[in-house]
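Trainee: May we go through this structure together, step by step?
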Number of protein chains: 2
Amino acid sequence: MLVMTNVRGQASEARSKLLATATRLFYTEGIHSVGIDRIVVEAKVTRATLYRHFPGKDDLIVYYLQEADHAFRGQVDAILARKAAALDTLRAIAEAIAEGIRSPGFRGCAFLNAAAEYPDPAHPVHKAVLAHREWFSRVITEVLAQAGGTPAEPAARCFVLMRDGAMATGCLSDPEPICETFLQGVEDLLQFHVTVSRRGPR
Amino acid sequence: MLVMTNVRGQASEARSKLLATATRLFYTEGIHSVGIDRIVVEAKVTRATLYRHFPGKDDLIVYYLQEADHAFRGQVDAILARKAAALDTLRAIAEAIAEGIRSPGFRGCAFLNAAAEYPDPAHPVHKAVLAHREWFSRVITEVLAQAGGTPAEPAARCFVLMRDGAMATGCLSDPEPICETFLQGVEDLLQFHVTVSRRGPR
DNA sequence: TGGAGAGGAGAACGTTCGGTCTACTTGGAC
DNA sequence: GTCCAAGTAGACCGAACGTTCTCCTCTCCA
């Protein structure tokens, strides 16, 4: 049986330790490179405990991505909750992304990295990646639509394209120029998106 | 001893079969997911033959990336050899990239995928990725410098950022919109790069 | 003619993989 | 006081991993 909480309805400590350790190791070292042994040793639980909480490694990976998804969703939701102007909302999201890239320990996009290791579209891990990406594209498209101006979809695709480039490569060279390039690109995109709005789409 | 050619100086057939098979499998299924067994079986050679030509799997991976590097370098060199105007050269390079993304079997950037699996900067595979990326950035920067206009380096970083985004995600959804977004982004970048040139840098 | 290189065939190495199992301890709820 | 879930400890499974080994054949070239 899958155990989420203990008798008193609290989240199991072993489970959260397991998930936190798996998240850290999967993210920093890659998924296939990290074995079950490493996870249980560093989480200081036993193998039996891991398999009491998760059916197998694949499920643990999906939970890892769900945790990454929740973390980023939390940031975006907090920004949306400010109910700022649409363009400022997008600037704040871009800033949050750049802040992540700049932060120590940044190792690229957890989802793009996972997709690189699980190319099979039928695999649950790959599906989790696609689900996250669709959510993000939808949010950006919606906020851009609120901003008015040129059609939202192409602009959103451009926003996401630059985000993906920055996230994929922010750990392969000095992150600062990459963040600058990304933020400037977003700013130019937003300028164009609204400036050309009263002259019709390009 | 590492064998590159047979007695008559020809490239060994077994070696090229090995490398071609490894390239195909590593690219389409990921590196860690493909074992030595799969490679020797599908290349129709024996394990002993593989280890006669390559010291180990890591070296095979590096050769795989070198082959990918040579393939793309060949395309870029052919474009450079046309000695077209700088902007047209960059358009042609962008077109070649888009063509790759559109082509069946596209599975993302071999180098970004490899970096996702080998995050350790000290690892030979990771180093091979960085070397390729530095070469590409240098080429783009040089051609952009020839074009004149705004400073070449920021523009080149923007070009590479969009390329990376397109390459990383071109296999995660319909490639056509991604190519369109990428090519339009490059066109806008080039327009801006030369148009603003006589008014000074932004 | 013979030696050496290239390759085939396949057993075997030790390690690690993901996953299962049994036996024991602990601590709170009824 | 009893029961049961949660967790510990660690042996164990078959399979796959990367790697090495021996032995055989073929085909050049000296």
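Trainee: Is A:Phe192 buried, partly exposed or exposed?
Mentor: A:Phe192 counts as partly exposed, because it has 17 C-beta neighbours inside 10 Å. A residue is buried if 20 or more other C-beta atoms lie within 10 Å of its own, exposed if 12 or fewer, and partly exposed in between, with C-beta atoms placed from the backbone. Please note that this is a predicted model, in which local features need pLDDT of at least 70, side-chain atom pairs count only at pLDDT 80 or more, and totals for chains, interfaces and linings use all residues. Residues are numbered from 1 along each chain as its sequence is written, and chains are lettered from A and ligands numbered from 1 in the order in which they are written.

Trainee: Where does A:Phe192 lie?
Mentor: A:Phe192 belongs to helix H9 (residues 175-195) of chain A. Helices (H or I, at least four residues) and strands (E, at least two) are DSSP runs, numbered from the N terminus. The C-alpha atoms of A:Phe192 and A:Pro121 are separated by 35 Å, and the two residues are 71 apart along the chain.

Trainee: And A:Glu99, which helix is that in?
Mentor: A:Glu99 is in helix H5 (residues 86-102) of chain A. A:Glu99 is exposed, with 12 other C-beta atoms within 10 Å. From A:Glu99 to A:Ala43 the C-alpha separation is 28 Å, and 56 residues separate them in sequence.

Trainee: Changing topic: how are the two chains related?
Mentor: A rotation of 180 degrees, with 0.0 Å of shift along its axis, superposes chain B on chain A with an RMSD of 0.0 Å. The two copies are thus related as by a two-fold rotation axis. The superposition is by least squares on the C-alpha atoms of residues with pLDDT of at least 70 in both copies.

Trainee: Which C-alpha of chain B is nearest the axis?
Mentor: That of B:Gly165, which is 1.8 Å from the axis.

Trainee: At what angle do H8(B) and H9(B) pack?
Mentor: The angle is about 175 degrees, with the axes 10 Å apart. That makes H8(B) roughly antiparallel to H9(B). Angles under 35 degrees count as roughly parallel, over 145 as roughly antiparallel, 65 to 115 as roughly perpendicular and the rest as oblique. Axes are lines fitted to C-alpha atoms, for helices over the stretch in contact, and angles run from 0 to 180 degrees between N-to-C directions.

Trainee: Which residues meet there?
Mentor: Among them are B:Phe159 and B:Met162 in H8(B), and B:Phe182 and B:Leu189 in H9(B). The residues of this contact of H8(B) with H9(B) divide into 10 nonpolar, three polar and no charged.

Notes:
Two residues are in contact if their C-beta atoms, placed from the backbone, lie within 7 Å. Ala, Val, Leu, Ile, Met, Phe, Trp, Tyr, Cys and Pro count as nonpolar, Asp, Glu, Lys and Arg as charged, and the others, Gly among them, as polar.
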